[in-house]
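This report covers selected residues, charge pairs and a surface patch. The sequence and structure come first.

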Amino acid sequence: MKPKLIPIFLIIPLISFSQDLRKLEQYYSKGKFERAVEESKSILKKYPDELIAKHLLGRSLTNLSKYEEAIPILEELVGGENVPSWMKSWTNGYLGICYFRMDMYEKSKISLLAGIEGSTENSKNFIIKRLQRFQMTDYFNDWEIIETENIRFHIQSDHKVEDIDAFCRSRENAYNQNNMFFEATPYKKIDFYVWSKPEESINEVGRRLGFANSELCIVNSRIDQTRGHEITHILVDYGLSPVKKNRLINEGVAVAFDLTNRDKMALAKQSNKENYRVEYLMNSSEDIPESILYPIGGALIEFLMKRGEEVQLKALLENQTWDNLTNIYSEEIILEFDEMIMN
C-alpha cells in the first residue's frame, strides 16, 4: 500500500510557521527585542495559542521595560494548563521582574520563588540572581517591613532603636524635604534596608554599608547614618538624570543634603591637610579617600548653593565635569572656595 501524501496546501503553512518561529528566536537571542515583539505579534495573529511566541513576547516586552504590557501576557502563561514546567519557570522569573519594577514587592517575591519549582539549571540561576539583586533571599525573611508614602523600610531584628516608627518617619520626611529641590519621581518606592548587623552586608549584598542603588531604588543603611545622604543619591538620579558623574560632586551633594547641622566648611578645612584644590580633587576623585573627599565635596556644594542660583547647581549635577563647573561658576568663586579650605 502506498503511503498517504500530505497535501501541499497543508505543508506550506507548516514550513512558513516553522520559519517564523525560527526568525523570532533569532531576533530574541540577538537582543533585537523590538523586532521580536513585532514577529511574536505577527505569529499570534495567525496562531493565538502559540506558546513560544507568547512566551518570547512577554520576555521581550520585559527586556524593553514595557512592564505593564508584559504582565498580562506573562500572567496568562503562568496560569495556563498546557504550559511546560520550564516555560512556567522562566515566565515566573520575568513576571517577578515586572512586578518589582511596578512596585508590587510581595507579588514579585512570590513569582520569583514560584519560578524555582520546575526550573532548569539556567532558569534557576537566572531567578536566584534576581532574588539576590532584589534582596529577597532567605536572609531577609524575618526583617520587619514598614511602609510610608515613598519608602518601604526593611528593618533587621535587634536594632535597638527605641521608636522605630519615628525612625521611619524621619527618613520619609528627609525624602520630602530634599525632594523639594530635586523634584524626582522614582519608578517605585525606595526599598530602604536598615541593618543592625552591618558586618554581614559584605556576605549578603557584596558591599560594606551604606550605599544606594538607584537602578533598583534600594538603599542599604546603617542605623546611625544621616537621614538624607543615601536618599539624596536616588533623588539626584531620578530628578536630574546626570549624564556624567564625578565622585567629588556626586558624594558632595549627598553630604550637603544629609540634613545634619554640622559645620561643613570647618570639616572640609580640617580634612584638607594636604591643601588640595577643587581641580585636583575632581581630576583625581577616584583615588582620594572618603575622609577627605566627602567633607570637601559637601562643603563645595553647600558653598555653591549659597553663591549661585538653583538652576546653576542643577546644571552642574546634570554634568559633573571640571569644564562644566568652570563654565557655570566664575574662576573667582572656585578660587574663593579653594582659599577657604586651605590650612
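Pro-289 sits in the loop between helix H13 (278–283) and helix H14 (290–307); helices (H or I, at least four residues) and strands (E, at least two) are DSSP runs, numbered from the N terminus. The model is predicted, so local features need pLDDT of at least 70 and side-chain atom pairs count only at pLDDT 80 or more, while totals for chains, interfaces and linings use all residues. Residues are numbered from 1 along each chain as its sequence is written, and side-chain values use heavy atoms, with hydrogens and water left out.

Pro-289 has 42% relative accessibility and therefore counts as partly exposed. The classes are buried, under 20% relative accessible area, exposed, over 50%, and partly exposed in between (1.4 Å probe, protein chains only).

**Asn-250**

Asn-250 belongs to helix H11 (residues 247–256) and is buried because its relative accessibility is 13%. Leaving aside residues up to four places away in sequence, Asn-250 touches His-233, Lys-245 and Gln-320, where contact means heavy atoms within 4.5 Å. Its C-alpha atom is 37 Å from that of Ser-29, 221 residues away along the chain.

**Salt bridges**

Side chains of opposite charge can pair when their charged atoms come close. Here a salt bridge is a side-chain nitrogen of Lys or Arg within 4 Å of a carboxyl oxygen of Asp or Glu. The count by this rule is 20 salt bridges, including those in the table.

| Glu-69 | Lys-41 | 3.2 Å |

Glu-69 in helix H4 (residues 67–78) and Lys-41 in helix H2 (residues 33–46) are 28 residues apart, and the pair links distant parts of the chain. Glu-69 is partly exposed at 35% relative accessibility, and Lys-41 is partly exposed at 37%.

Glu-310 and Lys-314 are both in helix H15 (residues 310–318), four residues apart, about one turn of the helix. Glu-310 is partly exposed, at 45% relative accessible area, whereas Lys-314 is buried, at 13%. Elsewhere, salt bridges with shared partners join Asp-103, Glu-147, Arg-152, Lys-188, Lys-189 and Asp-191 into one network.

**An exposed loop residue**

Glu-162 lies in the loop between strand E2 (151–155) and helix H8 (164–182). With 86% relative accessibility, Glu-162 counts as exposed.
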